[in-house]
Amino acid sequence: MVFEGLFYPGKDEQTKENFGRKESSDVELIFLWFLFGIISAVVASSKGRSGCGWMLLGFFLGPLGLILALVMPKNEEAMEKKALKSGKMKRCPYCAELIRAEAVKCRFCGADVGGGKNDSASETAT
Ligand SMILES: [Zn+2]
């Protein structure tokens with residue numbers, strides 16, 4: 001087509017070696033989709049969501065999955081649980097807010113919570 005040649009200069013050269021190139025561009029596309037899956041998973045898990053589930057979603061939806069992961073609200077409860085489990089955070093016994101495990105004073109209510117690192121995660125059920 002003459003018009004295509006006008007709008008996309010160099011297209012004729014591409015079509016000549018199309019057979020060789022098609023395969024590699026498919027691989028690139030799969031790689032790109034794979035990347036979207038991974039980024040979606042990272043974003044989702046940083047928000048306390050299921051990394052595996054969002055990776056699959058990213059694979060299927062590509063950029064859309066990533067956008068969904070980005071606009072999705074944080075799962076505060078899951079994030080708190082994760083922080084408690086990892087031992088980075090503890091729950092203030094007075095106001096029940098999450099504070100750093102090293103904290104001596106609660107940053108929310110100012111209560112003295114002690115600097116004990118290890119006695120935090122177990123006593124914070126519910
Ligand atoms: Zn507090």
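**View 1. Surroundings of alanine 41.** Leaving aside neighbours within four places in sequence, alanine 41 is in contact with Gly51, Trp54, Met55 and Gly58; contact requires C-beta atoms, placed from the backbone, that lie within 7 Å. The model is predicted: local features need pLDDT of at least 70, side-chain atom pairs count only at pLDDT 80 or more, and totals for chains, interfaces and linings use all residues. Residues are numbered from 1 along each chain as its sequence is written.

**View 2. The largest nonpolar core.** Nine residues make up the largest nonpolar core: Phe36, Ala41, Val43, Ala44, Trp54, Met55, Leu57, Leu66 and Ala69. Such a core is a set of buried Ala, Val, Leu, Ile, Met, Phe, Trp, Tyr and Cys residues joined through C-beta atoms within 7 Å. A residue is buried if 20 or more other C-beta atoms lie within 10 Å of its own, exposed if 12 or fewer, and partly exposed in between, with C-beta atoms placed from the backbone. H3, H4 and H5 are the elements that give two or more residues to this core, and H3 gives the most, with four residues. Helices (H or I, at least four residues) and strands (E, at least two) are DSSP runs, numbered from the N terminus. Apart from this core lies another, of five residues, including Met89, Leu98, Cys106 and Val113.

View 3. In H4, the buried residues are Trp54, Met55, Leu57 and Gly58. These cover an arc of only 160° around the axis, which puts them on the same side of H4; the arc is that of the directions from the helix axis to the C-beta atoms. Cys52 and Phe60 are exposed on the face of H4 turned away from its buried side.

**View 4. The two sides of helix H5.** Helix H5 spans residues 63-71, and its buried residues are Gly65, Leu66 and Ala69. Seen down the axis of H5, they fall within an arc of 100°, so they line one face of the helix. Leu70 and Val71 are exposed on the other side of H5.

**View 5. Packing of H4 with H5.** The axes of helix H4 (residues 51-61) and H5 come within 5 Å and cross at roughly 140°. That makes H4 oblique to H5. Axes are lines fitted to C-alpha atoms, for helices over the stretch in contact, and angles run from 0 to 180 degrees between N-to-C directions. Angles under 35 degrees count as roughly parallel, over 145 as roughly antiparallel, 65 to 115 as roughly perpendicular and the rest as oblique. Trp54, Leu57, Gly58, Phe60 and Leu61 in H4 meet Leu64, Gly65, Leu66, Leu68 and Ala69 in H5. The residues of this contact divide into eight nonpolar, two polar and no charged.

**View 6. Glycine 62 and leucine 29.** Glycine 62, whose phi is positive, near 65°, follows H4. Leucine 29 is found in helix H3 (residues 18-46) and is exposed, with 11 other C-beta atoms within 10 Å. Between leucine 29 and glycine 62 the C-alpha to C-alpha distance is 9.9 Å, at 33 residues apart in sequence.

**View 7. Alanine 96 in the loop between the strands.** Alanine 96 is found in the loop between strand S1 (89-91) and strand S2 (98-100). Its phi is positive, about 65°, although alanine 96 is not a glycine. Alanine 96 counts as exposed, with 12 C-beta neighbours inside 10 Å.

Definitions and conventions:
Contact = placed C-beta atoms within 7 Å. Nonpolar A, V, L, I, M, F, W, Y, C, P; charged D, E, K, R; others polar.
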